Amino acid sequence: MTWDVADNVHAHAELISALAVTGETLGRLDTRVATILRESAVTRMLQPVEHGGLQAHPRDFAEAVIAIARRDGSAGWVAGTLGVPPWELAMAGRRMRDEIWEADASAWVASAYVPSGHLTPVDDGYLLRGRWQYVAGIDHCDWVLLGARHDDGPVCHVVLPRSDVSIVDGSWEVAGLSGIGAKDVVVADAEVPRHRVLDCSGVIDGTAAECAGLRDPMYHIPFSTMLGLGITAAVIGMAEAVVLDHGGDDVSADEAAAEIRASRLAVLDSVSELYHRALDGPIGLAVRARSRRDQLQAARRAVRTVDEIVSRAGGEALRRNHPLQRFWRDAHMGLALATSVPEDALLPAVLDLPGIAIH
């Protein structure tokens, strides 16, 4: 993990933990936690150095998210989701990058990638309208990246200032991860200049980084891997919190710790492998699919382990004032959201296994 980020997370770990209940009550992160995350620079770890980011290894980003989620699942989830849009925006045009980061390199960009919006062309750009779900951290953000479709069908990503969207109050009433504040947002015919509409096909197929002249292999890692990296890391962090603080001292606790470690390593090793593969050229569909499959399986393994611990914890651990029950609920909500990311890539990963040989 990048040392500045690690030091900041460690220095405020107790406060992040203490304010977890407050965030759950508020239905969003406490402002003090949001400030800690912003000042820690975790959301700038995938952002280009040229624009005030750290441009760190994605493995370091995942480890930072895990460390935060060990203290509060919601804080970890917000760090994981807000840390990914800067990776994509690095591939955008210069005008957009300057507009977002020139005034404030620590600007937060929320996201909802499902193309729930509609773009209509007008003289100077487009009009955008639509409603999007699960926009984590929106209360604290400066910008928002939203999926949309043009009149003729192609999917794109649209970047808007926070002032152009309306938050739907009461749209985030859930059993777990209440503190992420993943509320619905509505846009009603907002004017969008052309430079803030991204053709996301190049990001998805891996050609956008080359077209943008980005040499760092991080930006050549597949979108399917980067999209799930932060949220999967957050689930692993929640599971680690349960094992470290509530796993007990018997043999089964050692087994649980081994399962969580295996989950962590699967996620970290997968993104590290793709980082190195990117140095050799485009990454094929089967490898992309395997990486996403490994993320999903790691998250599922971690949550199954949490369930095993909870089943042995006794009734006291499920009292509302006990942190175990919150991490348990958060982990299950995190798994539900993580697995709702499209899994179209999983089948090619299976088909690429003649004799369990993966290329």
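These are my notebook entries on a predicted model.

**Ground rules.** I number residues from 1 along each chain as its sequence is written, and side-chain values use heavy atoms, with hydrogens and water left out. In this predicted model, local features need pLDDT of at least 70 and side-chain atom pairs count only at pLDDT 80 or more, while totals for chains, interfaces and linings use all residues.

Helices (H or I, at least four residues) and strands (E, at least two) are DSSP runs, numbered from the N terminus.

**Aromatic rings.** I searched for ring pairs next. Rings of Phe, Tyr and Trp (its six-membered ring) pair if their centres lie within 6.5 Å; planes under 30 degrees apart are stacked, over 60 edge-to-face, and the rest tilted. I found 3 aromatic pairs. Trp87 and Phe223 are stacked, at 6.3 Å centre to centre and 25 degrees between the planes. Trp87 sits in helix 7 (residues 85–89) and Phe223 in helix 11, so this pair ties together parts 136 residues apart in sequence.

Tyr113 and Phe223 pair edge-to-face, at 5.6 Å centre to centre and 70 degrees between the planes. This pair links distant parts of the chain, with Tyr113 in strand 1 (residues 109–122) and Phe223 in helix 11, 110 residues apart. Tyr113 is buried at 17% relative accessibility. Ring pairs join Trp87, Tyr113 and Phe223 into a cluster.

**Cavities.** I used a 1 Å grid over the protein atoms alone: a cavity is a set of points where a 1.4 Å probe fits but cannot get out, a pocket is an open set with protein on both sides within 12 Å along at least five of seven lines, and lining residues have an atom within 4 Å of a point. Grid points are joined across faces, edges and corners, and a volume is the space filled by probe spheres set on the points.

I count 2 cavities of 30 Å³ or more. Helix 3 gives the largest share, 3 residues. The second largest cavity has a volume of about 30 Å³. Trp87 is among its lining residues, along with Met91, Tyr219 and His220.

How much space lies in the second largest pocket? I get about 280 Å³. Of its 16 lining residues, Ala13, Ser17, Ala67, Arg70 and Arg71 are the closest to its centre. Helix 11 supplies the largest share of this lining, 4 residues.

**Cysteines.** A disulfide is a pair of cysteine sulfur atoms within 2.5 Å. I count 0 disulfides. For Cys141, the nearest cysteine sulfur is that of Cys200, 20 Å away. Cys141 is buried at 7% relative accessibility. Cys211 is exposed, with a relative accessible area of 72%.

Notes. Buried < 20%, exposed > 50% of the residue type's maximum accessible area, 1.4 Å probe, protein only.
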